[in-house]
Amino acid sequence: MLKVQLKNISKSYENGNFAVKNISFDVDDKEFVVLVGPSGCGKSTILRMIAGLEEITEGELFIEDKKVNDISPKDRNIAMVFQNYALYPHMTVFENMAFGLKLRKFNKEEINLRVNEAAKILELEPYLQRKPKALSGGQRQRVAVGRAIVRKPKVFLFDEPLSNLDAKMRVQMRTEISKLHKKLEATMIYVTHDQTEAMTMGNKIVVLKDGIINQISSPLELYNFPVNKFVAGFIGSPSMNFIKGKFVDELGIKFISNNKTLKINLSSILNQNYKLYLNKDIILGIRPEDIYDESNNANILHQEKINVELEVVEPMGNEIYLYFQIEGTQFIARIPAREVPNSGSTKNLFLDLSKLHFFDAESELAIR
Ligand code: ATP
């Protein structure tokens with residue numbers, strides 16, 4: 001059963017500004033959908049429209065096949081967890097979680113049952129009588145989630161719920177929320193600007209830029225087949241490397257960079273589509289992990305050896321980041337942690353040509 005459906009939704013303001021334009025996507029029952037994009041791309045606005053906290057300028061919103069554009073937030077059966085948790089400081093954890101149920105006139109027994117159940121799921125039982133100020137950031141976060149759980153909503157909305165936590169706690173809470181999603185068999189819509197959160201948590205990811213959807217895909221599809229340069233650069237860490245260039249050879253065997261020195265033999269991987277781009281400007285993309293420090297003999301046809309000067313070398317423990325330039329363009333390679341090379345030294349690296357991405361320089365759309 002379809003839980004939430006957005007059809008051509010736009011939000012604009014009196015001054016003519018628009019926050020989002022023509023947004024359409026579906027959230028199926030029990031699905032975990034992540035809205036991701038840089039600051040100001042409109043993701044919170046979309047979530048707030050689903051919750052009913054923001055009016056929809058154009059388009060239709062359905063929850064369980066019922067149009068809800070004009071239904072008030074409290075009648076939408078949706079619970080939202082905010083970035084700042086919005087806990088009541090003078091109330092205990094128990095009272096904070098019980099508050100929404102009291103307002104809705106649930107009886108005492110039912111409230112006790114639901115709060116205790118949520119506290120158990122979230123491992124908050126030892127803290128039920130504490131006030132929020134006596135809790136850690138992660139515990140407060142769990143109380144905010146608890147307040148949503150006790151209502152047993154049809155849909156959970158999360159607006160950057162982990163952004164106030166330190167890096168370690170964020171990773172921990174990320175897995176907790178994923179587990180919770182499975183345990184509750186709930187439908188969740190989650191907003192973040194963090195591509196790692198999006199990739200690890202979502203069944204489906206909606207990538208937004210400037211109020212417009214760029215791509216809706218599963219995490220792996222997004223990673224392997226980004227539709228344009230923005231998505232390619234936004235998903236993946238460190239980001240994909242890009243360099244401008246041209247296909248110059250009629251047979252498609254050479255790729256030459258702006259000042260005509262980087263020549264890559266692409267004959268083994270190019271399909272016919274490249275011919276449409278002959279002598280036109282294109283952008284080549286390669287992810288840092290697709291540049292190797294040792295030749296991969298099994299893949300010998302699809303490799304191009306380059307000799308580079310290492311500007312910066314960052315040992316990360318389990319891997320090493322190498323920074324270097326190709327024809328004035330900054331590149332980064334991510335190699336396994338073996339012997340750490342010296343910065344300033346030169347090194348042979350191998351581009352995995354089978355992993356290259358090509359983009360139209362003008363439209364920035366992927367060329368396949
Ligand atoms: P962040 O990650 O920074 O929270 P976001 O992706 O959630 O960003 P929104 O808060 O949804 O972005 O805002 C989307 C756009 O709408 C922004 O460019 C913002 O400036 C604009 N906007 C929001 N409210 C108004 C308003 N009342 N009048 C005009 N423009 C607005």
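Reader: Which residue takes a positive phi just after H1?

Author: Glycine 52 does, with a phi of about 90 degrees. Helices here are DSSP runs of H or I with at least four residues, strands are runs of E with at least two, and both are numbered from the N terminus. A word on the source: this is a predicted model, in which local features need pLDDT of at least 70 and side-chain atom pairs count only at pLDDT 80 or more, while totals for chains, interfaces and linings use all residues. Residues are numbered from 1 along each chain as its sequence is written, and side-chain values use heavy atoms, leaving out hydrogens and water.

Reader: Is helix H1 mostly covered or exposed?

Author: Buried means under 20% relative accessible area, exposed over 50%, and partly exposed in between (1.4 Å probe, protein chains only). H1, residues 43-51, is mostly covered, with 7 of its 9 residues buried. Among them are Lys43, Ile46 and Leu47.

Reader: And which residues have the most contacts inside the largest nonpolar core?

Author: In soluble globular proteins, nonpolar side chains tend to be buried together. A nonpolar core is a set of buried Ala, Val, Leu, Ile, Met, Phe, Trp, Tyr and Cys residues joined through side-chain atoms within 4.5 Å. Here the largest has 46 residues, and Met97, Val115, Phe158 and Tyr190 have the most contacts inside it. Apart from that core lies another, of 28 residues, including Phe324 and Leu351.

Reader: What is the strand order in the open sheet of 6 strands?

Author: Two strands pair if DSSP finds at least two bridges between them. The order is S6-S7-S8-S3-S9-S10, with mixed pairing. S6 (78-81) and S10 (212-217) are the edge strands, each pairing on one side only.
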